[in-house]
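The sequence and the model are shown below.

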Amino acid sequence: MKRKLLALFLAVVMCVSLLPFEAFAEVTVVDSGSCGDNVTWTLDSEGTLTISGTGAMKDYNSTYDNDTYRTSAPWGQYYKDIKNVVIESGVTSIGDYAFYDCSGLTSVTIPDSVTSIGDYA
């Protein structure tokens, strides 16, 4: 009986060791801040940028940095790391250049509360 339990335990340990390390990683906040009077942003370690609050997002510009143009938004330094954008209900607009040159972006969720999208967003 002890051998069967030991064999089962070792089989489980071997299976767990085959899982990618990311499966055990906790999602953490990388950075956050304000992007409107009542609108905030949070970027997590999986590359999800969440915009939440009520009202309009600020407008931004493009900025030239390290031989490339990117957004001047406060999350702009992470422009290559952003994979998903989730805009939560209550946000009414997406600012100019908000996600300009976010080259890794693959998904954007926009709620019905957004009634305007700025230039080059």
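## A buried tryptophan

In this predicted model, Trp-75 has a relative accessible area of 0% and is therefore buried, the cut-off being under 20%.

## Aromatic pairs

A pair of aromatic rings is described by how far apart the centres lie and by the angle between the planes. The model holds seven aromatic pairs. In one of them, Tyr-60 and Trp-75, the ring centres are 5.7 Å apart and the planes stand at 70 degrees, so the pair is edge-to-face; the cut-off for that class is over 60 degrees. Tyr-60 belongs to the loop between β4 (55-56) and β5 (62-65), and Trp-75 to the loop between β6 (68-71) and β7 (84-87), so this pair ties together parts 15 residues apart in sequence. Both Tyr-60 and Trp-75 are buried.

Trp-75 also pairs with Phe-99, and here the rings are stacked, with 6.0 Å from centre to centre and 25 degrees between the planes. This pair links distant parts of the chain: Phe-99 sits in the loop between β8 (91-94) and β9 (107-109), 24 residues from Trp-75. The relative accessibility of Phe-99 is 8%, so Phe-99 counts as buried. Trp-41, Tyr-60, Trp-75 and Phe-99 together form one aromatic cluster.

## Cysteines

A disulfide is a covalent bond between the sulfur atoms of two cysteines. How many disulfides does a search of the whole structure find? The search finds zero.

Cys-35 has 0% relative accessibility and so counts as buried. Cys-102, at 8% relative accessibility, is also counted as buried.

## The hairpin of β5 and β6

Strands of a sheet pair through backbone hydrogen bonds, in either a parallel or an antiparallel sense. β5 and β6 pair in the antiparallel sense over four bridges. They form a hairpin with two residues between them, and Asn-66 in the turn has a positive phi of about 50 degrees. Tyr-64 has Tyr-69 in β6 as its bridge partner.

Two residues of β6 can be set side by side. Are Tyr-69 and Thr-71 buried or partly exposed? Tyr-69 lies in strand β6 and has a relative accessible area of 46%, so Tyr-69 is partly exposed, between the limits of 20% and 50%. Thr-71, also in strand β6, has a relative accessible area of 0% and is buried.

Beyond four places in sequence, Tyr-69 is in contact with Ser-62, Thr-63, Tyr-64, Tyr-100 and Asp-101. The C-alpha atoms of Tyr-69 and Asp-101 are separated by 7.0 Å, although these residues are 32 apart along the chain. Thr-71 touches Tyr-60, Asn-61, Thr-63, Gly-76, Tyr-97, Ala-98 and Tyr-100, again leaving out residues up to four places away. The side chain of Thr-71 reaches the backbone oxygen of Tyr-97 at 2.6 Å.

## A parallel sheet

An open sheet of three strands has the order β4-β8-β10, and its pairing is parallel. β4 and β10 (116-117) are the edge strands, each pairing on one side only.

Between β4 and β8 the parallel pairing runs over two bridges. Gly-55 stands opposite Val-91 in β8.

## The chain as a whole

The secondary structure comes to one helix and ten strands. From the N terminus on, the elements run α-β-β-β-β-β-β-β-β-β-β.

Of the 121 residues of the protein, 29% count as buried. Among contacts between residues at least 6 apart in sequence, 41% join residues at least 24 apart. The stacked pair of Trp-75 and Phe-99, 24 residues apart, links distant parts of the chain.

Methods. Residues numbered from 1 in each chain as written. Predicted model: local features only at pLDDT ≥ 70, side-chain atom pairs only at ≥ 80, totals over all residues. Heavy atoms only, no water. Disulfide = S-S within 2.5 Å. Buried < 20%, exposed > 50% of the residue type's maximum accessible area, 1.4 Å probe, protein only. Phe/Tyr/Trp six-rings, centres within 6.5 Å; stacked < 30°, edge-to-face > 60°. Contact = heavy atoms within 4.5 Å. Pairing = 2+ DSSP bridges. Polar contact = N/O pair within 3.5 Å; in protein donor to acceptor, adjacent residues only side chain to side chain.
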